[in-house]
Amino acid sequence: MFNKGLLKTYLLPPPSTIQTYPKKYFGFFCEVKFKLENNEKSSIVFTWNIDYLKMTLSNDSKSHSSIYKRLLLLIEGWFPNSASYSELIEKGVEYRPHYAYCLYNAAIQAKRLGLSEITAIEFGVAMGGGLTDLEYLSKKIERRTQVKINIVGFDFGEGLSPTNDHRDLLYLWQPGDYMMNEDALKAKLTFAKLILGDVKTTLPNFLKTELKAPIGAMFVDLDYYTSTINCLDPMLTLDSKMLLPRTYVYLDDLTYTSKYTGEFAAVEEFNIKSEFRKIDEIKLLSELLALKWLKWLYLGRRIFWLHIFDHSLYNIRDINDKSSIQDPLPW
Ligand SMILES: C[S@@+](CC[C@H](N)C(=O)[O-])C[C@H]1O[C@@H](n2cnc3c(N)ncnc32)[C@H](O)[C@@H]1O
């Protein structure tokens, strides 16, 4: 089939991807060039991206992944491709698949709507397991979608604050829980921005002065109803351009709660306040995803959309339009 082979190994990422990687990135790619019989030159580029080994994953994620899943991720990393990556997320192979699902699909929505950059926020960071995994995931998703992702985390920094409000679910957690080791976390983070203080004040300041790209996904894990209200409320008045038409909202703390307490109560209240901004479950998503991986029956129920009905792009078709959908090529 071919008469000449040439194998080159480079100790750096391909130039096209070099800029998207943080300082901790290290990997190599190799290029096999061969000549076909009709003299047409052809080349295959294998990239071995070891970001998932070198970039810090949370211990939680590491301990939840089997060798088999790690192998599948390794192989996909050689041929990074948006469609196969999506499959790995949906089959529960990627680390922290619920975060991966929201982040990946936010990036895809942005791409299909012609946006090149989004912001993902984790509300409630604690020891930083979620935020470190978001760094890891965002680099992989950037590479497969070419959508730049900014990561921001908000936390008190000193564990849960005192409260007597029954809606804050003190039967599940108590003031002082989830203390952060700030120095250790900052040493671990590569590029995510960590904002400390009460979201009631830090979030409005951030939205006013620092938010550069639309929020594509919010990972809400503040435990308290009162805190959740304070992270959702600013979304009522935020310029629609600073959100995706259907921003992903992951709500972590729904188990053992009610619609009168915790995050459910905060969402109910949010929805009453605005005609054009509504948070709702993505109908049948968990059932649909559970056809591929049973745990979505539970995890999928935590994934919501914040609909921005008055968004200028809300009526643009970005799902089920096979003719216009062009998933990004791997290289
Ligand atoms: C369950 S922990 C977050 C865990 C983290 N998402 C993870 O995956 O490892 C909840 C965090 O929310 C933070 N929190 C709660 N209310 C807050 C508020 N009003 N402002 C800032 N942080 C808050 C607490 O300090 C606590 O660290």
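This is a predicted model: local features need pLDDT of at least 70, side-chain atom pairs count only at pLDDT 80 or more; totals for chains, interfaces and linings use all residues.
Reader: How are helix 4 and helix 5 oriented to each other, roughly parallel or roughly antiparallel?
Author: Helix 4 (residues 67-78) packs with helix 5 (residues 82-90) at an angle of about 165 degrees, and their axes are 10 Å apart. Angles over 145 degrees count as roughly antiparallel. The two helices, helix 4 and helix 5, are therefore roughly antiparallel.

Reader: Which residues of helix 4 and helix 5 make the contact?
Author: Helix 4 passes helix 5 in a left-handed crossing. From helix 5 the contact draws on S84, Y85 and L88, and from helix 4 on L72, L73 and E76.

Reader: Is D223 buried or exposed?
Author: D223 lies in the loop between strand 7 and helix 10. Its phi is positive, about 70 degrees, although D223 is not a glycine. The cut-off for burial is 20 or more other C-beta atoms within 10 Å. Because D223 has 23 C-beta neighbours inside 10 Å, it counts as buried.

Reader: What covers the buried residues of helix 11?
Author: The buried residues of helix 11 are G262, E263, A265, A266, V267 and F270. Their cover includes strand 7 (215-220), helix 10 (225-232), strand 8 (243-251) and strand 9 (277-281).

Note on methods:
Residues are numbered from 1 along each chain as its sequence is written. A residue is buried if 20 or more other C-beta atoms lie within 10 Å of its own, exposed if 12 or fewer, and partly exposed in between; C-beta atoms are placed from the backbone. Helices (H or I, at least four residues) and strands (E, at least two) are DSSP runs, numbered from the N terminus. Two residues are in contact if their C-beta atoms, placed from the backbone, lie within 7 Å. Axes are lines fitted to C-alpha atoms, for helices over the stretch in contact, and angles run from 0 to 180 degrees between N-to-C directions. Angles under 35 degrees count as roughly parallel, over 145 as roughly antiparallel, 65 to 115 as roughly perpendicular and the rest as oblique. A crossing is left-handed if the near helix is turned anticlockwise from the far one by less than a right angle, and right-handed if clockwise.
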